Amino acid sequence: MWRKPLSRYICLISRSVSLKDFLSFPAVRHCSSQISPSGRITAQEAADIWRKRFEAEGVTEADLSSQYIIAHALGAKTVEGVGWKKWSEFLTQEEKQQIWELCKKRLSRMPVQYVIEEWDFRDLTLRMRPPVFIPRPETEELVELVLNDLQKKSGSLTCLEVGCGSGAISLSLLKTLPQLRVIALDQSAEAVDLTRENALRLGLQNRLKVYQADVTKDAEKVLKLCRNISVLVSNPPYLLSEDLHSLEPEISRFEDHAALDGGEDGLKVIRQILTLTHHLLSDNGCVYLEVEPRHPGLIRQWAESDAKWLRLAETRRDIAGRTRFCILRKDGESHDHKPHLESYKRTCRCAF
């Protein structure tokens, strides 16, 4: 989720030093230098300098990048949070040095979320660090779908999240639903550590259990940890392997490819998750998935032939109009085609 840009602050430029003069400084022309400009400069001027440098180097979201980094260095989230007065004041030498160091990281194409080491997801501020997957705006929509359904239910509920990353989904659900308990899994030790850290910072650790487990390799472990689950939610790796070659540098250089790569057809992890649901889900339990827009029809076909205990109940579109979410339900009366543990072992060893 990008923090909101505030265009009304863009015109606030101090005239003590011209933009042309600052663009000629060695620290601006050669960002490998550790030295920030020695002259006086306002936050607005610094934002303009770095926006132009980012644009010249092909860095995406140049304007937002410079604004958010500088706002962070000044102790706020946005330009609005900094305030009109502070945004037009001269920076201290320490503030300039920090801004130059952070902006040089962004110049390397490091995502802003990693540069400032935090990001907002819905109403949470989460710690971020590479290579843990950065939650996208579409995933906020996935959380809303789950919440809309779970808020209608009474009594205690247990949710399983597969691929927790920074903990964005699990922690959002826990904050809103006091009756919920969550088990969160991720194949990455870095992700498990970051989810635990974010849970502790938000005071939600008592209703969350986090484990390192890869559903494509550790089926027996997953089945021992998780039973009688009311809801399974996942934003799994769903990119086709061939599409990884076209990713922006921000993603390809810094984010964990295992959190992105869904195999030849993008469904490798999704099929394994759905295979395990026969033993994981309670009767009439639900699965909420974020998927590639080409996947829902393939998921329906596969479930009808290989996971007959599941029914694709509905699909939903994201805010851009793409078919992005699948909701599947476990049929409490269907007990045929039940997979055995040996089939899970074979599934974990073989590509789909």
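What share of the 352 residues of the protein count as buried? In this predicted model, the figure comes to 54%. The secondary structure is made up of 16 helices and nine strands. Contacts between residues at least 6 apart in sequence can also be sorted by how far along the chain they reach, and 72% of them join residues at least 24 apart. A handful of helices show how this picture looks in detail.

Helix α3 covers residues 43-56, and its 14 residues reach 20 Å from the first C-alpha to the last, close to the 20 Å expected at 1.5 Å a residue. This helix is mostly covered, with eleven of its 14 residues buried. The buried set consists of Ala43, Gln44, Glu45, Ala46, Ala47, Asp48, Ile49, Trp50, Arg51, Arg53 and Phe54. Just after α3 comes glycine 58, which takes a positive phi of about 75°.

Following α7 is arginine 109, whose phi is positive, near 80°.

How do these helices sit against each other? Two packed helices are described by the angle between their axes and the distance between the axes. Angles under 35 degrees count as roughly parallel, so α3 is roughly parallel to α7. The crossing of this pair is right-handed. On the α3 side, the contact is made by Ala46, Ile49, Trp50, Arg53 and Phe54, while α7 brings Ile99, Trp100, Cys103, Lys104, Arg106 and Leu107. Sorted by class, the contact has eight nonpolar, no polar and three charged residues.

Helix α7 also packs against α4, at an angle of about 145° and with the axes 10 Å apart. The crossing of α4 and α7 is right-handed. Here Ser65, Ile69, Ile70, His72 and Ala73 of α4 meet Gln98, Ile99, Leu102, Cys103 and Arg106 of α7. By class, six nonpolar, three polar and one charged residues take part in the contact of α4 with α7.

Within α4, which runs over residues 62-73, lies glutamine 67. Is glutamine 67 buried or exposed? Its relative accessibility is 5%, and buried means under 20%, so glutamine 67 counts as buried. The C-alpha atom of glutamine 67 is separated by 8.9 Å from that of alanine 43, although the two residues are 24 residues apart along the chain. Alanine 43 is itself one of the buried residues of α3.

The buried residues are Glu138, Thr139, Glu140, Leu142, Val143, Leu145, Val146, Leu147, Asp149 and Leu150.

Definitions and conventions:
Residues numbered from 1 in each chain as written. Predicted model: local features only at pLDDT ≥ 70, side-chain atom pairs only at ≥ 80, totals over all residues. Heavy atoms only, no water. Buried < 20%, exposed > 50% of the residue type's maximum accessible area, 1.4 Å probe, protein only. Helix = DSSP H or I, 4+ residues; strand = E, 2+ residues; numbered from the N terminus. Axes fitted to C-alpha atoms, helices over the stretch in contact; angles between N-to-C directions. Parallel < 35°, antiparallel > 145°, perpendicular 65-115°, else oblique. Left-handed = near helix turned anticlockwise from the far one by under 90°. Contact = heavy atoms within 4.5 Å. Nonpolar A, V, L, I, M, F, W, Y, C, P; charged D, E, K, R; others polar. Expected span 1.5 Å × (residues − 1).
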